[in-house]
Each structure stands twice: as C-alpha cells, then as structure tokens.
Amino acid sequence: MAITRCPECRKKISESAQFCPNCGFSFKEDLEIYKQKLEERRQHNAEINRKSTKLHLIWFAIFTIVILLASWLTGE
C-alpha cells in the first residue's frame with residue numbers, strides 16, 4: 001500500500017483512497033478543480049515575479065544614474 005499526502009489537508013493517506021478520511025477531499029471530483037486552481041496560482045505568481053524583476057531593474061537604473069551623477073558633480 002503506497003502512501004501519499006492529501007493536497008487539501010496534507011495528511012498521509014493511501015494512494016488508493018477515493019476520499020481523504022481527514023478532510024473529505026474527493027480525488028475524483030475535487031482533484032481537477034484543485035489542479036486548475038494550482039495552475040492559476042502558479043501563473044499569478046509568475047506574473048508577480050515578472051513585475052518584481054522589472055521594478056528591481058528600474059530601481060537599479062535609478063541608483064546607478066544617481067551614483068554616476070554624484071561622482072560627476074564632485075569631479076572624481
């Protein structure tokens with residue numbers, strides 16, 4: 001008997017179980033909905049990461065410009 005974790009409550013259960021005995025998660029009906037929500041969450045997090053990367057690059061560019069201007073103005 002193989003053991004797996006319920007995607008809803010994370011308790012260990014048998015792989016052959018149709019329902020989680022702890023939370024009632026249905027592996028026949030709820031699993032597709034769970035996978036769909038998981039994919040939507042993954043796409044949302046990927047979008048947030050892209051925006052965060054752009055923001056970091058913008059701040060880096062501003063910081064670099066300020067440092068270059070400061071060194072140019074002080075004549076170093």
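Predicted model: local features only at pLDDT ≥ 70, side-chain atom pairs only at ≥ 80, totals over all residues.

Colleague: Which residue has a positive phi although it is not a glycine?
Modeller: That is Arg10, with a phi of about 65 degrees. Most residues other than glycine have a negative phi. Arg10 is found in the loop between β1 and β2.

Colleague: Is Arg10 buried, partly exposed or exposed?
Modeller: Arg10 counts as partly exposed because its relative accessibility is 49%. Buried means under 20% relative accessible area, exposed means over 50%, and partly exposed lies in between, with a 1.4 Å probe and protein chains only.

Colleague: What does Arg5 touch, beyond residues up to four places away in sequence?
Modeller: Arg5 touches Arg10, Lys11 and Lys12, where contact means heavy atoms within 4.5 Å. Arg5 itself is found in strand β1 and is partly exposed, with a relative accessible area of 41%.

Colleague: Now the whole chain. What pattern does the chain follow along the sequence?
Modeller: The pattern is β-β-α, from 1 helix and 2 strands. The radius of gyration, taken over C-alpha atoms, is 25 Å, well over the 11 Å that the globule rule gives for 76 residues, so the chain is more spread out than a compact globule. That rule is 2.2 Å times the number of residues to the power 0.38.

Colleague: What box do the C-alpha atoms fill?
Modeller: Along the principal axes, the box is roughly 75 × 20 × 15 Å.

Colleague: How far does α1 reach, from its first C-alpha to its last?
Modeller: α1 has 45 residues and reaches 65 Å, close to the 66 Å expected at 1.5 Å a residue. The expected span is 1.5 Å times one less than the number of residues in the helix.

Colleague: How much of the chain is buried?
Modeller: Buried residues make up 9% of the 76 residues in the chain. Among contacts with a separation of 6 or more, 6% are between residues 24 or more positions apart.

Colleague: Then where is Cys20, and is it buried or exposed?
Modeller: Cys20 is in the loop between β2 and α1. Its relative accessible area is 3%, so Cys20 is buried. Not counting residues up to four places away in sequence, Cys20 touches Cys6, Cys9, Ile13, Phe25 and Phe27.

Colleague: And what about Cys9, where does that lie?
Modeller: Cys9 lies in the loop between β1 (3–5) and β2. Cys9 is partly exposed, with a relative accessible area of 26%. With residues up to four places away left out, Cys9 touches Cys20, Asn22 and Cys23.

Colleague: Why does Ser26 count as buried?
Modeller: Ser26 counts as buried because its relative accessibility is 4%. Ser26 lies in the loop between β2 (12–14) and α1 (30–74). Leaving aside neighbours within four places in sequence, Ser26 is in contact with Gln18, Phe19 and Leu31.

Colleague: One last topic, charge: how many positive and negative side chains are there?
Modeller: The chain has 12 positive and 9 negative side chains, and the centres of the two sets lie 4 Å apart. Lys and Arg count as positive and Asp and Glu as negative, while His and the chain ends are not counted. Each charge is placed at NZ of Lys, CZ of Arg, CG of Asp or CD of Glu.

Conventions: Residues numbered from 1 in each chain as written. Heavy atoms only, no water. Helix = DSSP H or I, 4+ residues; strand = E, 2+ residues; numbered from the N terminus.
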